[in-house]
Amino acid sequence: MSEYTLTPEKGVAGKFISSYVDDKGLIKAIDFHDDDQFNFGFDIVDELARKCPDKTAMLHISREGKERRITFKDMMTYSNKTANYLHYLGIRKGDRVLLSLKRHYQFWFIIIALHKIGAVAVPCSFLLTRKDFEYRLKAGHISAVICTADGSVADEITKATKNYNGLKTKILVGGSLDGWSNYNRDIRFFSGTLKRTANSAGGNDPMLMFFTSGTTSYPKMAMHSYKYPLGHFITAKYWHQVNPEGLHFTISDTGWGKALWGKLYGQWLCEAPVFTYDYDEFFAKDILSMIQKYRITSFCAPPTVFRMLVHVDMTKFDLSSLKNVSTAGEALNPEVYSKFKKHTGLSIMEGFGQTETTLVVANFKGMTPKSGSMGKASPLYDVVLMADDNREAGVNEPGEICIRLGDTPPNGLFMGYYLDKEKTDKAVYDGLYHTCDSAYKDEDGYLWYIGRVDDVIKTAGYRVGPFEIENEIMKIPYVLECAVTSIPDLVRGQAIKASIVLTKGTAPSDKLRKDTMKYLKNNLASYKRPKVIEFVDELPKTSSGKVRRVEIKDKDWKDKE
């Protein structure tokens, strides 16, 4: 990056981040400095509390509609109280603490507190069952659990601990239960002051552990260091395009990585407030109402959400406050992109990343997005498409998305899979991190998603990515969402199946199946046409909302055995 003159960012991020932006506002390079002891809790949250104590850090709306406007001073005070409380309960530096807290505002106090005391935060979905929790407790060597009092989460965890004796502490948020400490009751007795010490965690120390979505196997545990939040500066400023005087809204449960992409690190590095709606059940109309009522300025959601939003009469809502919208988690269908732009005038800025990374590819500020493209590589990462282990893919040639590691791994890339050298070595070798996602690059440098390497269908000698077929199916007005997978075929080896969820009020029928087949015959090459169409009520998904094609495929192949 020697051809660029790097300049420090303004505000609290400036001590650690320098960047270069061209005359179109497009980020071209980024550099990090003085980050060897970086700790987001002390260096960003506490600094903002001193700089702008009364500024809103988060506007939180409970499921009952109660508004809580939490300032940066509040965040510092209550994270300090929480840190002192957790220390009193025996949680120490290096302990792994599982968090299952939905979208409760206490999550932010707790995760910042964990960062300050050096314990490793392990976010998990509240939708997990006993079996899921048992696996995570054992695999992560979890020392403590902090969970919501809502629903059956605490009961499922209690059941899971019958086969695990490694827990020191169980803490309940929002209620009381025998055998559990009561966070809401106890926190008030602890000091809001906490001093940073020479032994405080930071830099390359482990800070955070995500369980991957587990689309093909048991979830792996991706470990991140204290430098991970710095990697999300680009996420917030140049992809979300947050406004320090606005309000950013990312749809996500705190149990998965997207919450930390969109509801904490990058946004506060940019000194922008975040909006959180702690709903129990998703309704597209409620989300649009929130955008209208609270004048949301930037919005990010997975493609599943946008697919639902475009089926609502969006003309009934004033969305004029929105200046930027973005999506990630899985590829966005061009038909959804077009419908949303027609209603709002806004282009959905697609991005790509993983649990193991921050934002890797995106349509950044200053770029003209191409419908259906993930965008271009982030300057944070040296991205390359590999046709095989020894050769880079050419223009328009499919290849695996990989990241060159260089002498120093970039801030934002994981440290490895916790206690699993074998899986780490399968992902990181020959100086590359292998994402197992495939794409191709066009003449202008834009990347186009094909699918997971394991999702590619080999039929009659052709290699077919499911996403391009799904894109065509999504153009049919009565299709809400779909998934394309392989099925066994005696002649072709593999044939193509489409699982389709219909829009509300559309009933499945033989005639509808024939109409769908006819449409695809007219719009897809013969080798890309599904041989089987199945109408289903819903698609199997991970807790983060990604379609589990592998579950559909495994069932079909198992049924044929």
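Modeller: A term is needed before we start: a crossover is called right-handed if, with the strands pointing away from the viewer, the path from the first strand over the helix to the second runs clockwise. Please also keep in mind that this is a predicted model.

Biologist: Which elements make a right-handed β-α-β unit with strand 16?

Modeller: Strand 16, helix 12 (residues 334-344) and strand 17 make that right-handed unit. Strand 17 covers residues 348-353, and strands 16 and 17 pair in the parallel sense over three bridges. Within that pairing, T327 has E350 in strand 17 as its bridge partner.

Biologist: And how does strand 15 pair with strand 16, parallel or antiparallel?

Modeller: Strand 15 (residues 298-300) pairs with strand 16 in the parallel sense, over three bridges, and S298 has N324 as its bridge partner in strand 16. Between the two strands the chain passes through helix 11 (residues 303-309), and this β-α-β crossover is right-handed.

Biologist: Which way do the residues of strand 16 point?

Modeller: In strand 16 (residues 324-327), N324 and S326 point one way while V325 and T327 point the other way, and all of them are buried. In a regular strand the side chains alternate between the two faces of the sheet.

Biologist: Switching to the rings, how many aromatic pairs are there?

Modeller: The count comes to 26 aromatic pairs, taking ring centres within 6.5 Å as the cut-off. One of them is Y85 with F190, whose ring centres are 5.3 Å apart and whose planes are at 55°, so this pair is tilted. The pair links distant parts of the chain, 105 residues apart, with Y85 in helix 2 (residues 72-88) and F190 in the loop between helix 6 (183-186) and strand 11 (206-211).

Biologist: Are those two buried or exposed?

Modeller: Both Y85 and F190 are buried. Another pair is Y440 and W448, which counts as stacked because the planes are at 10°, with the ring centres 6.3 Å apart. Y440 is partly exposed, at 27% relative accessibility, whereas W448 is buried, at 18%.

Biologist: Which residues form an aromatic cluster?

Modeller: F249, F275, Y294, F299, F306 and F340 form one aromatic cluster.

Biologist: Last topic, then: what sits over the ring of Y279?

Modeller: The charged end of R103 sits over that ring, 4.1 Å from the centre of the Y279 ring. R136 lies over the face of F211, at 5.0 Å from the ring centre.

Terms used: Residues numbered from 1 in each chain as written. Predicted model: local features only at pLDDT ≥ 70, side-chain atom pairs only at ≥ 80, totals over all residues. Heavy atoms only, no water. Buried < 20%, exposed > 50% of the residue type's maximum accessible area, 1.4 Å probe, protein only. Helix = DSSP H or I, 4+ residues; strand = E, 2+ residues; numbered from the N terminus. Pairing = 2+ DSSP bridges. Phe/Tyr/Trp six-rings, centres within 6.5 Å; stacked < 30°, edge-to-face > 60°. Lys NZ or Arg CZ within 6 Å of the ring centre and 35° of its normal.
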